[in-house]
Amino acid sequence: MKPEDIKRPENKVYSKPELLNDTPMHYCPGCSHGVVHKLIAEVLKEMGQENNAIGVAPVGCAVFAYNYIDIDWIEAAHGRAPAVATGAKRLNPDVLVFTYQGDGDLAAIGTAETIHAANRGENIAIIFINNAIYGMTGGQMAPTTLEGQKTATTPYGRRVDLNGYPLKISNLLAELEGTCYVTRQAVHTPAAVRKAKAAIRKAFENSLEGRGTSVVEVVSTCNSGWKMSPAKANEWMVENMFPFYPLGDLKNNDK
């Protein structure tokens with residue numbers, strides 16, 4: 001027998017999730033959005049929910065999620081995704097309904113919608129990308145911008161006396177009776193990616209089981225807005241974001 005005739009087992013390392021469309025990626029190199037999109041597509045397919053899911057994306061970088069993941073989507077007005085998701089879930093209680101939002105959307109113009117949907121215990125999952133800046137509109141300060149962090153509107157750094165404190169909105173949501181699961185994850189390493197994927201799956205399962213509101217915050221980079229290379233942005237996130245936004249579960253009613 002010749003060596004070329006020997007059948008060797010296929011060692012599959014990577015493949016594109018089936019639910020990801022063949023759309024050229026518009027996100028900046030190093031952006032965390034693309035990784036989270038991949039995880040959502042993988043989880044929906046693995047759960048067999050690709051034909052039983054509705055995603056809601058509002059204004060911001062997050063709005064383009066509908067270009068990439070081949071499921072039903074609703075585009076909401078800026079900050080209104082939890083309100084729209086509430087209607088979608090109440091009309092379709094057996095459907096997996098989730099929002100996909102950035103921090104400028106969820107924690108600023110959408111603060112009221114987010115808090116009240118979670119306080120009511122709407123059976124939706126909220127995927128929250130926190131990169132501490134307004135990424136799409138020019139890099140302005142967001143509610144989540146760290147003290148001393150430079151942005152387009154805080155060129156000398158965020159000042160508490162002028163701009164207030166950074167908002168840990170996931171901590172607030174964890175205190176509400178209507179939330180069943182609130183966690184903070186990241187996608188900067190393979191191990192972190194695996195944990196984030198497990199968190200997204202748990203949030204989706206909670207939506208289907210009617211257990212209340214789940215929130216998965218993903219502490220992320222915005223190397224374009226931060227004016228850093230992708231590698232430096234990851235380092236800055238670990239050194240500065242993680243101490244203020246520590247990773248891990250903030251609330252888990254299973255425990």
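**View 1. Helix α8 and the glycine 210 that follows it.** Glycine 210 comes after α8 and has a positive phi, near 70°. The model is predicted: local features need pLDDT of at least 70, side-chain atom pairs count only at pLDDT 80 or more, and totals for chains, interfaces and linings use all residues. Residues are numbered from 1 along each chain as its sequence is written, and side-chain values use heavy atoms, with hydrogens and water left out. Helices (H or I, at least four residues) and strands (E, at least two) are DSSP runs, numbered from the N terminus. α8 holds 20 residues. Buried means under 20% relative accessible area, exposed over 50%, and partly exposed in between (1.4 Å probe, protein chains only).

**View 2. An aromatic cluster of Trp73, Phe98 and Phe204.** Rings of Phe, Tyr and Trp (its six-membered ring) pair if their centres lie within 6.5 Å; planes under 30 degrees apart are stacked, over 60 edge-to-face, and the rest tilted. That rule gives five aromatic pairs. Tryptophan 73 and phenylalanine 98 are edge-to-face because their planes meet at 80°, with ring centres 5.5 Å apart. Tryptophan 73 sits in strand β2 (residues 72–75) and phenylalanine 98 in strand β3 (residues 96–102), 25 residues apart. Phenylalanine 98 also pairs with phenylalanine 204, in a tilted arrangement: 5.0 Å between centres, 40° between planes. This second pair joins β3 to helix α8 (residues 190–209) across 106 residues. Phenylalanine 98 counts as buried because its relative accessibility is 0%. Phenylalanine 204 is buried too, with a relative accessible area of 0%.

**View 3. The largest nonpolar core, with 35 residues.** A nonpolar core is a set of buried Ala, Val, Leu, Ile, Met, Phe, Trp, Tyr and Cys residues joined through side-chain atoms within 4.5 Å. Ile40, Leu44, Phe98, Ile127 and Phe204 touch the most other members. Elements that each supply at least two residues include α1 (33–47), β1 (53–57), β3, β4 (125–130) and α8. The largest share, seven residues, comes from α1. Contact means heavy atoms within 4.5 Å. Not counting residues up to four places away in sequence, phenylalanine 98 touches partners including Ile40, Leu44, Trp73, Ile127 and Phe204. A second, separate core of 20 residues includes Ala88, Ala107, Leu173 and Val215.

**View 4. Two lysines over aromatic rings.** A charge sits over a ring if NZ of Lys or CZ of Arg is within 6 Å of the ring centre and within 35 degrees of the ring normal. Lysine 168 lies over the face of phenylalanine 244, 4.3 Å from the ring centre. Lysine 202 lies over the face of tyrosine 181, at 5.3 Å.

**View 5. Glutamine 185 in strand β5.** Glutamine 185 counts as buried because its relative accessibility is 9%. Its side chain makes a polar contact with the side chain of threonine 183 (2.8 Å). Such a contact is a pair of N or O atoms within 3.5 Å; within protein, one must be able to donate a hydrogen and the other to accept it, and residues adjacent in sequence count only if both atoms are side-chain atoms.

**View 6. Glutamate 147 in the loop between β4 and α6 (160–163).** Glutamate 147 counts as exposed, at 56% relative accessibility. Beyond residues up to four places away in sequence, it touches Arg158, Val160 and Pro166.

Notes: Expected span 1.5 Å × (residues − 1).
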